[in-house]
Amino acid sequence: MDSKRFWIINDDALKTQAIEDGSIDLVVTSPPYNVGIEYDSNEDELAYADYLHFSKEWFSRCLDWLKPDGRFCLNIPLDINKGGQRHVGADLTKLATEVGFQYHSTIVWNEGNISKRTAWGSWMRASAPYVIAPVELIVVLYKERWKKTSGSGESDMSKEEFMEWTNGLWTFPGESKKRIGHPAPFPVELPRRCVKLFSYVGDTILDPFMGSGTTLVAAVSNNRRGVGIEIDAGYCALAEARVSLWTAQLRLFEL
């Protein structure tokens, strides 16, 4: 890795050789949810067993890339009903621990999108109602030990941020697909909190499913180094433009 604030890798997270094992402090990512989203270069409607196998493979890669005291913030659904009701949050959390991650905690992200519902099941009848929670999960895992001993040792969150973020219910809105230009963006607030709460200034933050570059934006704007892997060249260009704009603004601020 060079001295740039961020590094974008246009490659498959399952195959890339561009990242050195034991070099990453924190992974923050929101992987494909397997709910039929129309990405430009990724199949998002696998058989569930195939989706779990895919998840196991990339979990293993992240485990190798992390330092011994590295952390992993995994943004996933609580459950899904595409192709049948699936407790995907529980399945992926269990799978990550089977791969070798240690479990720390789960943050519930209340994004408040209940108004976007289109399926109610049996309307106002007990025969077959659908219960859908307007939340997602951020599962917090680590590699070998929870206590962080590597890095600068410099934290940059305020007392108010620490008090709010260590409460495991986070409430803030989602992100607009139209505004970002990506079919499944997450808001900068999500990786911003993870980056500041779980890493030190100067640490290296990885998103193996970079998409529009949101995790990298959070990393560079909080004095970390961002690494993103993205299989789609168009999304890489989008991320490059977004993160470059942020870094240019930061340089102006620093002058």
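Guide: Trp109 and Phe172 are both buried, a term for a relative accessible area under 20%, with exposed over 50% and partly exposed in between (1.4 Å probe, protein chains only). The model is predicted: local features need pLDDT of at least 70 and side-chain atom pairs 80 or more, while totals for chains, interfaces and linings use all residues. Residues are numbered from 1 along each chain as its sequence is written, and side-chain values use heavy atoms, without hydrogens or water.

Rings of Phe, Tyr and Trp (its six-membered ring) pair if their centres lie within 6.5 Å; planes under 30 degrees apart are stacked, over 60 edge-to-face, and the rest tilted. The count by this rule is eleven aromatic pairs. Phe59 and Phe72 are edge-to-face, because their ring centres are 6.0 Å apart and their planes stand at 75°. Phe59 belongs to helix 1 (residues 48–65) and Phe72 to strand 3 (residues 66–77), so this pair ties together parts 13 residues apart in sequence. Helices (H or I, at least four residues) and strands (E, at least two) are DSSP runs numbered from the N terminus. Phe59 is buried, at 0% relative accessible area, and Phe72 is buried, also at 0%.

Trp109 and Phe172 form a stacked pair, 5.2 Å between centres and 25° between planes. Trp109 lies in strand 4 (residues 102–110) and Phe172 in the loop between strand 6 (169–171) and helix 4 (177–180), so the pair ties together parts 63 residues apart in sequence.

Ring pairs also link a cluster that includes Tyr48, Tyr51, Phe101 and Phe209.
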